[in-house]
Amino acid sequence: MKNKMKKPASMLLALSMLTLALSACGSNDKSSNASSAPSATTEPSASTPAESKAPEAGSVKLKFYAQYSGVEIPVYDAAKEALKQAMPEVEVEFEVAAQDDEQKIKTYAAAGSLPDIFFASSGLIETLKKSDNLYVMDDVIKANNIESLLNESSKPMLWNKDGHSYSVPNVGQWAGVFYYNKDLFAQNDIKVPTNYDELLAAVKAFKAKNITPLALFGKEKWPGVLMLDMAITGSGDAAALKKLDAGEGTFSDEIYTKGVNKISELIKAGLLSKNAFNTTADDAAAQFKSGKAAMLINGAWSMAFQYENLGDKLDIMYNPLVDADKADQVQWNMSGGGFNQGFAVSKNSKNVEVAAKYAALFSIEFAKQRVIQLADPNSILVEKVVPTNGLNPVQQKYSDDSANFKSMTTFAWGYENAKYKTAIEDNTQKLFAGQKTDDYIKDMNKALETARK
Amino acid sequence: MTTKAKYNLALLVFTVPTLVFFTVIVVIPILQTFQKSFFDWDGLSPATFIGLDNYARLLEDDDFWVSLMNGLIFALVLVVYQMGLGTLLAIALSNKSLKGHKFFRTSYFVPVVLSGVVVSQLWIAIYNADGGLINSLFAMFGINYEQAWLVGEHTSIWAIAFSGAWHNLGIQFVLIYTAIKSIPEHLYEAAKIDGAPFWKMHWKITIPLLSETYKFCLIIAITGGLNAFQNMFVMTNGGPGNISYTLTFMMYKAAFRSGEYGYGSAAAAILVLECLLFTILINKFVARDKLSY
């Protein structure tokens, strides 16, 4: 038996070794392809339009990974259509971006198959910059005078902290806002809060009347972080949680502790429904629409949708968590926003220069079409663009007020330190679930130490 | 070709494809995971060797201990519910005189064929703190015990584990049921002649003779519990905070949310070792003697 098995066993071993060896070879091949790709793009590509010859329409095919879904589809389509005039040689194919914490796009990057153009958040830009996957767009921006097309408040979004540009912004910096149901406040004789003390009083009053004070879609982690950011901004620190992301300060600093205490106090007063952490954005909007919840926290991009649901009952407040004694000074220090995010280009694209020019021009056209089609009151452009259907009253209010905005922090997805982002999202959710403030501060300080290593 | 050569060829033909497939799909990724666990690596940039630092960090990480404990709780719930209830139901339905036994046999397997996402959504509705089925039942009977089942620090993982146990009860039930069916009828007839009552008969005959089936059930229940991911991903997204994390969720968080593939690999390596340890222990201590009847 022993001898009988010897031969097949040896063959099995040999085959296993071969499998391992082949897989290793495969790996080497892949890396060599990936590393050779960028150098190929340094030479003029056959499909790059030559200056002397008119390019053939649709001769350059680009893959474009973006939020091509829902209300944004007509915006993308219109921008694509408009660009056919400027760059007829380009034919783009959209791929719908997954809502997956950027896993898919990072996997593409790891496999060396990034789409030619893709939407990149600040965090993704930092990751892909470090791994040398991003095309530096400085020259394209200069050649096409992109900066001159952006208004003053949007120009900084074009440049990374290292002085280069890795993406061209396609939308403005939205603030986080509290939406509220005016009728519900009026019917219950509750004052619309203008500062933290009034907010606390309103929360207690709504709770006593069995109305959920705030519809928080806590299944997502960022709305809680936004509210904590507002609490800190409202005490006078315009950079709030963004400052911690940049490596400064700790949660033991008085202003952060104060912000944490405000949230904890509101939670104890009954700010949220018991089911808040299983509530999706749609669930929260439904609660708000039905009058079961008096307020809803979200980004200002949701104004059109909320107005559709509530009509003239809808209004917004920017930060009801400001300290009463500082309200005048800090009321225009906004929470929300982002930094240097927009459409970026893969360094390994076969048509990198065409893709970069297309991404830059597309970003501007996209911003324009958002105003025209979605009545975006938050234009990044110098050019005055008129929405087809005008602005609703809430959008008009935001549009008028946005001139007063002094500063903007960032939404959680704009944090550059991924470890910090994950830690603050998870821990803040625990704080909202009733964690003791001391424990939260201790956990966050520990997380900051890890994130800053 | 000689008989011996034909035998060897057949052996190769039937084993090599599986062996190669298993090596490529399982063995190599596991080895790579162990290798990457010694590196600081974001999944994209070149990795830096850091020795055992990731493992040392794991031991100091609250997420790790919560995840480890939650995995064990999940496994415990699967073992108790699926093997316990699976045994009771299988014994009950093995009695052919029970009316509708064919209907029940099929019914118990129905949840298994449902998608995990569907089952999770169903249980989210049942556990809903505002008017969910469980809280409504408490309210209906005037019991003041309404809970935020999926949010509470001490209820969340138990609630999620129970939904997972309910989902796959059918698999354990079928395994145990078929094992019971293979027990020779004459053993029960002899017990009946000796006047053994129904439950004592099963306690003394069925349960001991199921030991090898239980060994297999125990392995799939425990490793299934330790590897649980889908239920918490859909039902709570690991939260609030980390209270419904398991090691698989921690691995997901580290690798995909924090961009720490090296650290995530260390969590995965611990998970592999944990599953291996339980499998070895079960093989060593459960059903050591081969049964023949």
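Chain A and chain B of this predicted model meet in a contact that takes 34 residues from chain A and 34 residues from chain B. On the chain A side, the elements that give two or more residues are helix H1 (2-42), helix H3 (103-110), H4 and helix H17 (418-432). H1(A) supplies the largest share of that side, with 10 residues. By class, the residues of chain A that touch chain B divide into 11 nonpolar, 13 polar and 10 charged.

Within chain A, the domain assignment gives two domains, and each is made of two stretches of sequence: domain 1 is 60-172 + 339-385, and domain 2 is 176-336 + 400-451. The C-alpha centres of domain 1 and domain 2 of chain A lie 30 Å apart. Their contact takes nine residues from domain 1 of chain A and 10 residues from domain 2 of chain A. On the domain 1 side, helix H4 (residues 122-130) of chain A gives the most, with three residues. That side of domain 1 has three nonpolar, five polar and one charged residues. H4(A) is also among the elements that give two or more residues to the side of chain A that touches chain B.

Next come the sheets of chain A. One is an open sheet of five strands in the order S2-S1-S3-S10-S4, with mixed pairing. Strand S2 (90-96) and strand S4 (167-168) of chain A each have a single partner strand, so one side of each is left without a neighbour in the sheet. Further in, strand S3 (residues 117-120) and strand S10 (residues 342-345) of chain A run antiparallel and are joined by four bridges. A:Ile117 has A:Val345 in S10(A) as its bridge partner. Helix H15 (residues 352-374) of chain A packs on this sheet and touches strand S1 (60-66), S2, S3, S4 and S10 of chain A. The direction of H15(A) makes about 175° with that of S10(A).

Another open sheet in chain A has four strands in the order S6-S7-S5-S8, and here too the pairing is mixed. Strand S6 (212-215) and strand S8 (314-317) of chain A are the edge strands, each pairing on one side only. From one strand to the next, the twist averages 25°. S6(A) pairs with strand S7 (residues 293-299) of chain A in the parallel sense, over three bridges.

Two helix pairs remain, one in each chain. Two packed helices are described by the angle between their axes and the distance between the axes. In chain A, the axes of H17(A) and helix H18 (residues 437-451) come within 9 Å and cross at roughly 170°. An angle over 145 degrees counts as roughly antiparallel, and H17(A) and H18(A) are therefore roughly antiparallel to each other. Residues of H17(A) in this contact include A:Tyr420, A:Ile424 and A:Leu431, while those of H18(A) include A:Met444 and A:Leu448. The contact divides into nine nonpolar, two polar and three charged residues.

In chain B, helix H1 (residues 3-36) and helix H15 (residues 261-285) pack at an angle of about 125°, with their axes 7 Å apart. H1(B) and H15(B) are therefore oblique to each other, and H1(B) passes H15(B) in a left-handed crossing. H1(B) contributes B:Ile30, B:Thr33, B:Phe34 and B:Lys36, and among the residues of H15(B) are B:Tyr261, B:Gly262 and B:Val272. By class, this contact has six nonpolar, three polar and one charged residues.

Methods:
Residues numbered from 1 in each chain as written. Chains lettered and ligands numbered in written order. Predicted model: local features only at pLDDT ≥ 70, side-chain atom pairs only at ≥ 80, totals over all residues. Domains from an automatic or database assignment. Contact = placed C-beta atoms within 7 Å. Nonpolar A, V, L, I, M, F, W, Y, C, P; charged D, E, K, R; others polar. Pairing = 2+ DSSP bridges. Axes fitted to C-alpha atoms, helices over the stretch in contact; angles between N-to-C directions. Parallel < 35°, antiparallel > 145°, perpendicular 65-115°, else oblique. Left-handed = near helix turned anticlockwise from the far one by under 90°.
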